[in-house]
Amino acid sequence: MTAAASAPPVPARHAVWLTGWGFCSPLGGDAQSFMDQLFTARHVFQRLQRPLVRPVPAAMVDDPGLTSRAWPSHLDRMGQMAILAAQRAIQNAGLAGQSEIIDTCGVYLGNGCGTTESNHDAYERLFATQRLSGLTLLRCLPSAAASAVAMDLALHGPVQTFTNACASSSMALGEAMRAIRHGYATCVLAGGSEAPFGAGTLKAWEALRVMAPDDDPDQACRPFDVSRQGLVLGEGAVFFVLEQQDAARARGATPLAVLQGYGCSNDAHHWTEPDLEGQKRAMRAALDDAGCQARDIVAINAHGTGTPVGDRVEMMSVASVFDGCAVPISSTKALHGHLLGASGAIELAACVATLLRGQVPHTRNLRTPEPASASLDLVRDAPRALARPGPVLSNSFAFGGINASLIVAPAPS
């Protein structure tokens with residue numbers, strides 16, 4: 001047996017370009033609005049009131065696209081926002097009308113809470129009338145939004161839904177990257193959508209006692225600050241078009257950035273208390289996957305929800321992995337809220353914006369840093385210019401100990 005025959009061939013490893021992005025978010029419905037609001041830190045939080053639930057600060061979407069068309073009755077708000085963001089991503093990538101690519105494009109969508117609005121409506125109808133619509137099951141399927149996106153855009157590739165709490169859309173993006181990298185797909189539409197403002201869902205979050213109080217919506221979310229009191233929920237959808245580099249280059253596409261690394265892990269420790277070692281495993285796996293060293297990373301978008309324990313553990317895990325590297329770190333959740341399952345997608349968008357603008361967003365409302373951050377370079381007060389071009393890391397750490405980290409690098413010149 002020859003040496004060549006004794007070992008299996010090494011699979012091709014295709015570079016993965018991000019060639020388009022689309023938004024239906026608290027920071028706007030297009031890339032320009034998103035980036036402008038990200039770096040000017042304009043206040044978007046509002047006071048949300050629902051029956052049976054105390055008022056809470058929230059980051060809500062006000063998008064004309066949601067009210068300018070008649071949506072089918074089986075599609076709830078999460079699906080509507082997903083379709084808008086997906087349409088805009090396809091348009092931004094220059095794929096509208098390119099049927100030969102669209103025909104095989106897949107949809108990878110992450111969401112954490114699922115169709116909460118539809119589930120709430122279904123239970124209300126059940127207890128009030130003891131009857132349900134024939135469309136109820138279709139509205140309540142966890143995969144409803146992903147299927148709706150595929151049908152709306154006539155995408156015939158694989159459709160996958162990732163429901164892994166707050167790591168959902170980061171994992172959707174990471175798994176889409178793997179599918180393209182290893183030749184299972186040449187184009188995937190990947191991202192997340194979340195609409196968590198049904199009364200039942202809000203009541204459940206209220207019972208968990210992790211939401212920030214309603215004293216002042218503008219100051220409610222304070223990641224890494226000693227006075228932080230909890231998270232602020234947000235809704236929205238963000239999608240990216242991921243393409244195999246050679247195929248994208250052949251059609252003349254211009255990349256926004258390169259999705260370069262993905263790592264995931266599980267704490268296997270506790271439902272709500274994060275674990276230092278689990279988070280470190282995810283970040284180190286992403287670095288290994290990207291072929292990077294910690295010193296190569298030029299900025300970090302932290303999970304940074306504003307909860308006392310969550311922020312502290314993340315500070316410790318980042319300090320351990322990036323010991324001595326002085327990487328600028330920020331949390332953008334104080335700007336757009338915590339989009340739960342869609343948070344990874346909107347925060348990867350913030351990382352791409354960092355590369356395109358050459359600036360790191362600052363952590364809004366960070367006045368007095370938590371002592372555990374003493375060795376970290378937290379970006380405060382105003383955005384900061386990147387010291388040099390290079391890859392950016394994004395963290396998504398979820399209930400149940402599910403961790404995911406992504407690394408995005410500048411587009412090739």
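# Close-up views of a predicted model

The structure holds 18 salt bridges. A salt bridge here is a side-chain nitrogen of Lys or Arg within 4 Å of a carboxyl oxygen of Asp or Glu. This is a predicted model: local features need pLDDT of at least 70, side-chain atom pairs count only at pLDDT 80 or more, and totals for chains, interfaces and linings use all residues. Residues are numbered from 1 along each chain as its sequence is written, and side-chain values use heavy atoms, with hydrogens and water left out.

**View 1. The whole chain.**
The chain has 15 helices and 16 strands. Both are DSSP runs, numbered from the N terminus: helices are H or I with at least four residues, strands are E with at least two. The radius of gyration of the chain is 21 Å, close to the 22 Å that the globule rule gives for 413 residues, so the chain is as compact as a globular protein of that length. That radius is taken over C-alpha atoms, and the globule rule is 2.2 Å times the number of residues to the power 0.38. The C-alpha trace spans about 75 × 50 × 40 Å along its principal axes. Of the 413 residues, 58% are buried. Buried means under 20% relative accessible area, exposed over 50%, and partly exposed in between (1.4 Å probe, protein chains only). Take the contacts between residues at least 6 apart in sequence: 79% of them join residues at least 24 apart. A contact means heavy atoms within 4.5 Å.

**View 2. Asp36 and Arg357, a bridge between two helices.**
The side chains of Asp36 and Arg357 meet in a salt bridge, 2.8 Å from N to O. Asp36 lies in helix α2 and Arg357 in helix α15 (residues 343-357), so the pair ties together parts that are 321 residues apart in sequence. Are these two residues buried or partly exposed? Asp36 has 33% relative accessibility, so Asp36 counts as partly exposed. Arg357, at 30%, is partly exposed too.

Side chains of opposite charge can pair when their charged atoms come close. Arg251 forms a salt bridge with Glu243, with the closest N and O atoms 2.5 Å apart. Glu243 is buried, with a relative accessible area of 2%. Glu347 bridges to Lys333, with the closest N and O atoms 2.7 Å apart. Glu347 lies in helix α15 and Lys333 in helix α14 (residues 333-336), so this pair ties together parts that are 14 residues apart in sequence. Both Glu347 and Lys333 are buried. Salt bridges that share partners also join Arg228, Asp311, Arg312 and Glu370 into one network.

**View 3. The aromatic rings.**
A pair of aromatic rings is described by the distance of the centres and the angle of the planes. Rings of Phe, Tyr and Trp (its six-membered ring) pair if their centres lie within 6.5 Å; planes under 30 degrees apart count as stacked, over 60 as edge-to-face and the rest as tilted. By this rule the count is 5 aromatic pairs. Trp21 and Phe240 form a tilted pair, 6.2 Å centre to centre with 35° between the planes. Trp21 is in strand β1 (residues 16-24) and Phe240 in strand β8 (residues 236-244), 219 residues apart. Both Trp21 and Phe240 are buried. Phe23 and Phe34 form a stacked pair, 4.6 Å centre to centre with 25° between the planes. Phe23 belongs to strand β1 and Phe34 to helix α2 (residues 31-40), 11 residues apart. Ring pairs link Trp21, Phe23, Phe34 and Phe240 into a cluster.

**View 4. Around Phe34.**
Phe34 counts as buried, at 0% relative accessibility. Which residues does Phe34 touch, not counting those up to four places away in sequence? They are Phe23, Ser25, Leu27, Ile346, Ala349, Ala350 and Ala353. The C-alpha atoms of Phe34 and Ile346 are separated by 9.6 Å, although the two residues are 312 residues apart along the chain.

**View 5. Helix α13.**
Helix α13 (residues 308-321) has 14 residues and reaches 21 Å from its first C-alpha to its last, close to the 20 Å expected at 1.5 Å a residue. The expected span is 1.5 Å times one less than the number of residues. The buried residues of α13 include Asp311, Val313, Met315 and Val318. Among the elements that cover the buried residues are α12 (276-290), β10 (299-301), β11 (328-330) and β15 (392-398).
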